[in-house]
Amino acid sequence: ERQRPRSSLLSSFVKTEGMQVHHRDDAFGMADGFTQQQEDPQSTQLSFEERFALLVDRQWTWRQNRALERRLRDGRLQGPACIEDIDFRAARGLDKQVVRPLIQDSDWVRRHQHIFLIGPTGIGKTFLARAFGQKACRDGFTAYFATAAQLFRELELGRADGRYAERLRALAQVDVLIVDDWAMAPMAEAERRAFLEICDERYLT
């Protein structure tokens with residue numbers, strides 16, 4: 001079983017003739033592909049094995065897309081930010097030689113490495129953080145995006161409703177934890193303790 005890596009990223013500042021296809025939730029891709037084959041006259045020129053292989057491929061792609069959508073939704077990473085849209089021409093000090101190896105296959109996550117995005121307000125740190133997270137999800141990892149204020153507020157709510165340990169475990173198990181607007185203001189003692197607990201849980205899990 002693959003050991004789950006722990007990384008973080010901190011940002012400061014059908015129906016056809018003669019038969020009916022039943023669409024089950026776990027086989028929708030294959031059923032949809034079969035319907036399209038029935039509607040495409042050219043598919044009759046293919047052998048059974050070729051048509052079946054296309055259906056299997058369609059089902060695999062559908063399942064992969066569903067899994068990616070779920071990872072992006074659970075990680076709060078739905079949106080336009082993606083690595084393909086990173087503009088290296090902008091004057092913000094991005095080094096292609098540093099960034100491109102990181103985004104190639106998200107190997108930094110597998111290596112348990114961390115990324116810090118530091119710079120003045122308005123240069124696109126949040127976009128870059130979300131783009132790194134989105135790419136990690138595309139590469140099969142899980143991620144979770146939150147501002148520092150949201151993160152501590154969620155943990156405080158967990159203390160109030162008795163689910164603090166549960167929330168802490170969830171943060172420990174995600175592959176990439178993205179904390180935006182980190183250290184924008186001095187941290188309170190409770191926030192420092194909470195973040196130390198997060199780090200300890202992610203190190204030990």
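**Entry 1: helix H6**

How far does H6 reach from its first C-alpha to its last? I noted 20 Å for its 14 residues, close to the 20 Å expected at 1.5 Å a residue. I should say at once that I am reading a predicted model.

Next I looked up which residues of H6 are buried. They are Ala148, Leu151, Phe152, Glu154, Leu155 and Gly158. These residues cover an arc of only 155° around the axis, which puts them on the same side of H6. I reminded myself of the general rule here: an α-helix has 3.6 residues a turn, so residues three or four places apart point the same way.

What do the buried residues of H6 pack against? I found strand S5 (143–147), H7, strand S6 (176–182) and helix H8 (189–204). After H6 comes Gly162, and I wrote down its positive phi, near 80°.

**Entry 2: the whole chain**

I stepped back for an overview. I counted eight helices and six strands in the protein chain. Along the sequence, I read their order as β-β-β-α-α-α-α-β-α-β-α-α-β-α. The protein chain has 205 residues, and 38% of them count as buried.

**Entry 3: the second largest pocket**

Which residues line the second largest pocket? My list reads Tyr144, Glu154, Leu155, Arg163, Glu166, Arg167, Ala170, Leu171 and Val174. Glu154 and Leu155 were already in my notes as buried residues of H6.

I then asked which helices take part. Helix H6 (148–161) and helix H7 (164–173) each supply at least two residues of the lining. H7 gives the most, with four residues. Sorting the lining by class, I got five nonpolar, no polar and four charged residues.

**Entry 4: helix H5**

I turned to H5, residues 125–138. Its 14 residues should span 20 Å at 1.5 Å a residue, and I found the end C-alpha atoms 20 Å apart, which agrees.

Is H5 largely enclosed or largely open? It is largely enclosed by the rest of the structure, because 11 of its 14 residues are buried. Among the buried ones I jotted down Leu128, Phe132 and Cys137, and also charged names such as Lys125, Arg130 and Lys135. Gly140 follows H5, and its phi is positive, near 100°.

**Entry 5: helix H8**

H8 has 16 residues, which should span 22 Å at 1.5 Å a residue; I found its end C-alpha atoms 23 Å apart, in agreement.

Which residues of H8 are buried? I noted Ala194, Phe195, Ile198 and Arg202. Seen down the axis of H8, its buried residues fall within an arc of 95°, so they line one face of the helix. I also checked the face turned away from that buried side, and there I found the exposed residues Leu196, Tyr203 and Leu204.

Gln173 lies in helix H7, and at 41% relative accessibility it counts as partly exposed.

What is the phi of Arg76? I read a positive value of about 60°, although Arg76 is not a glycine. I placed Arg76 in the loop between helix H2 (48–74) and helix H3 (96–105). Arg76 counts as partly exposed, because its relative accessibility is 34%; the cut-offs are under 20% for buried and over 50% for exposed.

Ala183 is my other entry, with a positive phi near 55° in a residue other than glycine. Where does Ala183 lie? I found it in the loop between S6 and H8. Its relative accessibility is 47%, so Ala183 also counts as partly exposed.

Technical notes
Residues numbered from 1 in each chain as written. Predicted model: local features only at pLDDT ≥ 70, side-chain atom pairs only at ≥ 80, totals over all residues. Heavy atoms only, no water. 1 Å grid on protein atoms, 1.4 Å probe; cavity = no way out; pocket = protein on both sides within 12 Å on 5 of 7 lines; lining within 4 Å. Expected span 1.5 Å × (residues − 1). Buried < 20%, exposed > 50% of the residue type's maximum accessible area, 1.4 Å probe, protein only. Arc of directions from axis to C-beta. Contact = heavy atoms within 4.5 Å.
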